[in-house]
Amino acid sequence: MPGRLVMEQQKDAGLQDLKKDRSNAQGEDVLHTQDAFNGQNSASQKAAAHGQVNTSEATGLPTPPELDQSWRDGPDNKPMGVLIERLAQQCFTDLGTTLKTMAEVPESTQANGVVPHAVDTSVASLTKKRTLMDFAHNQRDRFIKTLVLSDWARNEQDMARLVDIKVWQERQLGAQVQAISSIGNTKHNMQGAKIPNPNLDGALELLATGTSRMPDLGYLPPKKLSAKQLLRTLQDMNVALATRLNMHEELPYYFNDLSIANGRATFRVADEFEVDLSVGDEDPSTPFWFIDMRFLFSPTPDITDDVSRMELEKRVNIALASESKLQGCYDLLHNFVLTHKINVLRDQASQLLREKWFECLFVEMKKRVLIIQYWSDLAGPKSWFEIGVSTGKQNRKGSKPANAQLSVRWFRRGQEVLDDPPYIDWKTLNVEQVLGTVIAKHTSCDLRNTQNGLVKLAGPNSKLDITLDACADTPEDCSLALGLPGMRTPYIVRKEVVTGKWAISPPTMLAARAERSMNADLKADPAVQLAQMLCGTNQERIGKAADLAGWIAVASRTLAPQNNLKALFGADTVSRSIYNCNRGWSDSWALVATFGLSGDKWWAARMEPKLDARGASTGRIFAEARRISIPSDLVAFPRVARSLLLRIGKLAVAQISLAVVTQDLDSKRIPYKIESTASLTPAERSRGERSSAASAEPAVVLDSASFFDDAKSDPIRKPFKDGAIRLTHHRNIASAPAAAGSRAEVAHCLRLTVRHGVLNHLQEYLLTKPRDADMFMNDRGALALRVRVQFGQPCVSVLQARLKSCKRLDAYLVALARYSFVCTHLSLTRVTFTYPSNPDLSATVRFSINPNVPPSADLKLHPVDFNPHQRVRVIALRTFNLAPLDPKSFTALLYTLRTSISLNTAYSTISALPPLGSLHIHPHHLLAYLWTYSAPLPGAGAQFKIQWRPNVGEKKKGVWHIMTQLSKPNKGSGELSEEVRTGIAEVCLKKGSGRIGNGTSIVVEDELVGEVIRELDRVCREGGEAVAGKKEEETKDVKVETTGRPSVAAQRTGLSTSVKTQGGQQKTAQLKSGGHAGLQQANGSGNGNGHRGSVTNGNGNANGNGRLKQEIIELD
């Protein structure tokens, strides 16, 4: 085919060109080649049309025929534009799907104040970014492929021509393959025609005459057959075997898989052997002969031993020559293979015994039965399996004849297992795998029995998380995972493969104890031991957390034997722990934690001593147990923390308090009922307490008529409506007192409704002012009170007293508003208020809440060092405690504090002036004082008595009456100088708005009493400074203008006071508590240490910007 040769040459040239240059810059060569090729095609077409054959001018060969281009119009050829359009549509659809997927990702809350350039750690944000990047990556790959296709499409004519050539080549190759196949089939079909014709003439002559014209000439042995002759001979033998087996022999049932080739018949028995047999003649009566045998299982050695092979060949040939023929051959070889398999397994088992299964495996051979006992060192009934040869009658199906086969019998703890026989691969013999399968089934059975036992122990309310992983062939993968709520890591229970002992991980002390019990005692139930281990783990975990929480464990040795524990705590209890959550708990109550497979339970148990016949205590027993309902949010805690136990302790306190309250109500014969109530205050709701029935607190509901002794004239009952009163525990227990043997305090909350128009001031305060958590009232008149009592003590009487206190608090608010005091805190135990004139000053009245002692109160004044009433605090407290719970006492206290604030402020101012100790103030009571002066002041011996006169003056507001006592000088002091007497008289005679005097006394209103006291003090101190000034020759006159009242800070460090000298000039001294005065003088220009003003000396004025120089003058 010259044309084909030309095409191949062109193809090779084209491929070489493509290999040399793959760029798109082949334009001219490609176009030139294409034009030349198209020219040849057009020329050949014209020649064919005229019946002429064109030849190439260069080679003289005919031009190739036109290539088939029908594929271009086929359904598989798609335009490039359609491909790009579909790609754009697919991109748009994927974009919509990606956006929808990103929108479905839940958003995570991000904290305020995130750093702008911080690393993004949000799971939702990272998921969205990853989804968007995956979409972009996939679309990028698609468009890159499209770009490559578009580059190829720019040379579409060249590509089309290349496809045409490829189609032509594929057709040529197909034609060649078809031709070769046709020739081979023809040759194979001609095999029957090569058989030579029979010598009919010679045969007839021999049959007729008995002789043959062909004499025996003693020929030499024939020559060695050539390859063709040998092939012909083998083919003749194949025909003879096929004819005999199909027409003359009855094949055994298990010899139905056979093949004939190379002059032999090969019989194949699956997973056992295959044997090659042949015949020496076409006569059906001649026997078959053994050629070769191969095993079809592993591991098996090759039969290369001459002795063994000769013996095997001898026995097989004898069986073939017998009457059974092929059946005898099958029986012999089949039994030989079964025995050989058992021996192989025995050798493997012996090897295992010498290696890792040392002393844990027992191997024994009895006739053709292999016995392997595993876990031989375990006590109790043994386990083993037997591999032997069975008749196979029990497994026969239909007309299938019985056939001996290998079988396995498994004995588990001395009992044969019939329903779950182990599977053995007889093709690949591996006794270790067989042993693993048996042990895996044994382990799975033990774990399944243990699982059933645990489920039975747990009961219907099981909280046990149990997972069984059973594997049919790998014992290492057989495990039982056990867990209870709150456990961090579940326990994994397994059986050791070699020894058969129980193994539990992770290793802990409790796990080791359970392992030891299950492996040592055959009668020990593994389910019971594992249940004790699980409950002990939770008990140990809670015990450690209880130690951190400060709980006190109650030793079990202090308990007396008791028979009704299951009736008290439930039959599913495996173990229990007893605690006192606080040192303030009494011995009568305890918190009991019980542990079982149905979960952890908490109980509030009342305990009492058990007495013997002589009345002596033999220990304590549980008299009563109340189940504590644990909210679902506490049950779901992944770990036991101190905060969790503290919440459980509060629930226990609430349960015990409820029991004590009901016992108290029963003793007082007050009817009640128990309901569930929700929180009243918004603060309680904001702390996460829900109002659902599952998390609501139990409440004791009382009738107001029964609670107030059903007396309508009872003064306690007047402010409150008739209706239900709800009493709940507030889930709070205070720290234990320091005193040994004392009890802690618990809080109860009482809720009821106030009559309309009653306690208005208290209601307004609780709604608009900062409130204490012990009291709350809403705008509808609902009142909630919290009261604290000792743990385990009744509280009904205390609650009645607290209700009475509500009216007292309302009266306190009325009094505070009357005297312009500002209440900053109001509760049942404390009242805090600030002064009307100075918010920096405050007072706190704290009431005693101990019902065992008479009522009392304590008064605290703030700030402690600068409150002007600090000198009369003891007198005020003693007066108030005469009737501490009477609202009139509180009103009187506010009245005296309001009245004496100006007076005591002035006293604080003059008492801080030096020299200290020269002024003595003697309060007789809150509204009567006496103050005197002593040396070295010139006014030593002067005494002033001041007393409040109520209902006097304008509008009957009251006035202060100041009386002078100048005739009785103090000891050690001389007579008052005339200057001091004259000054005092001038102050007393001075008239003005709000003051009037007669020379020896003065009546002044409250607003001006401080000014008058400071004037009298100035006179007494000015005289002393005038005498000292005469003896001092170098004293300079300094005038410092001061404006405004001294601040509190000035009172703390010292006061700047201006006094007159005898010369009529003024000088200002910096007074300090050390008994020294600093005289400020001008010394140049600059700023003083915190003082600015104008300074005047004897010569004139100087600017106040100069730096002040202090001169310390000691006053004798």
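1. Two strands count as paired if DSSP finds at least two bridges between them. That rule matters for E32 and strand E34 (residues 1001–1004), which pair in the antiparallel sense over four bridges. Within this pairing, Ile962 has Ile1002 of E34 as its bridge partner, and Trp960 has Val1004 of E34. The model discussed here is a predicted one.

2. Strand E32 (residues 959–965) also pairs with strand E31 (residues 943–949): seven bridges join them, and they run antiparallel. Here the bridge partner of Ile946 is Ile962 in E32. Five of the seven residues of E32 are buried, so the strand is largely enclosed by the rest of the structure.

3. Strand E34 has a further partner in strand E33 (residues 995–997), to which three bridges join it in an antiparallel arrangement. Ile996 has Val1003 in E34 as its bridge partner. E33 and E34 form a hairpin with three residues between them. In the turn, Gly999 has a positive phi of about 105°.

4. For the overall picture, the protein has 1116 residues, of which 38% count as buried. Its secondary structure comes to 25 helices and 41 strands. Among contacts between residues at least 6 apart in sequence, 55% join residues at least 24 apart.

5. A separate open sheet is made of five strands in the order E14-E15-E16-E17-E18, with antiparallel pairing. Strand E14 (552–553) and strand E18 (617–628) stand at its edges; each has a single partner strand, so one side of each is left without a neighbour in the sheet. Inside this order, strand E15 (residues 575–580) and strand E16 (residues 589–596) pair over five bridges in the antiparallel sense. Ile578 stands opposite Val592 in E16.

6. Helix H12 (residues 526–549) has 24 residues, which at 1.5 Å a residue should span 34 Å; its end C-alpha atoms are 34 Å apart, so the two values agree. The expected span is 1.5 Å times one less than the number of residues. Of the 24 residues of H12, 17 are buried, so the helix is largely enclosed by the rest of the structure. Gly550 follows H12 and has a positive phi, near 85°.

7. How many aromatic pairs does the structure hold? There are 25 aromatic pairs. One of them joins Tyr819 and Tyr895, edge-to-face, at 5.9 Å centre to centre and 65° between the planes. Tyr819 lies in the loop between helix H19 (796–818) and strand E25 (822–826), and Tyr895 lies in helix H21 (residues 887–899), so the pair ties together parts that are 76 residues apart in sequence. Tyr819 counts as buried because its relative accessibility is 13%, while Tyr895, at 27%, counts as partly exposed.

8. Phe833 and Phe890 belong to a cluster linked by ring pairs, together with Tyr812, Phe821, Tyr835, Phe847 and Phe880. One cluster member, Phe847, has the charged end of Arg808 over its ring, 4.7 Å from the ring centre. Elsewhere, the charged end of Arg627 sits over the ring of Trp603, 5.8 Å from its centre.

9. Is Asn867 buried or exposed? Asn867 counts as buried, because its relative accessibility is 4%; the cut-off for buried is under 20%. Asn867 lies in the loop between strand E28 (857–862) and helix H20 (873–880). Its side chain reaches the backbone oxygen of Ser842 at 3.4 Å. Leaving aside neighbours within four places in sequence, Asn867 is in contact with Tyr835, Leu841, Ser842, Leu861 and His862. Of these, Tyr835 is also named in the ring cluster of point 9.

Methods
Residues are numbered from 1 along each chain as its sequence is written. This is a predicted model: local features need pLDDT of at least 70, side-chain atom pairs count only at pLDDT 80 or more; totals for chains, interfaces and linings use all residues. Side-chain values use heavy atoms; hydrogens and water are left out. Rings of Phe, Tyr and Trp (its six-membered ring) pair if their centres lie within 6.5 Å; planes under 30 degrees apart count as stacked, over 60 as edge-to-face and the rest as tilted. Helices (H or I, at least four residues) and strands (E, at least two) are DSSP runs, numbered from the N terminus. Buried means under 20% relative accessible area, exposed over 50%, partly exposed in between (1.4 Å probe, protein chains only). A charge sits over a ring if NZ of Lys or CZ of Arg is within 6 Å of the ring centre and within 35 degrees of the ring normal. A polar contact is a pair of N or O atoms within 3.5 Å; within protein, one must be able to donate a hydrogen and the other to accept it, and residues adjacent in sequence count only if both atoms are side-chain atoms. Contact means heavy atoms within 4.5 Å.
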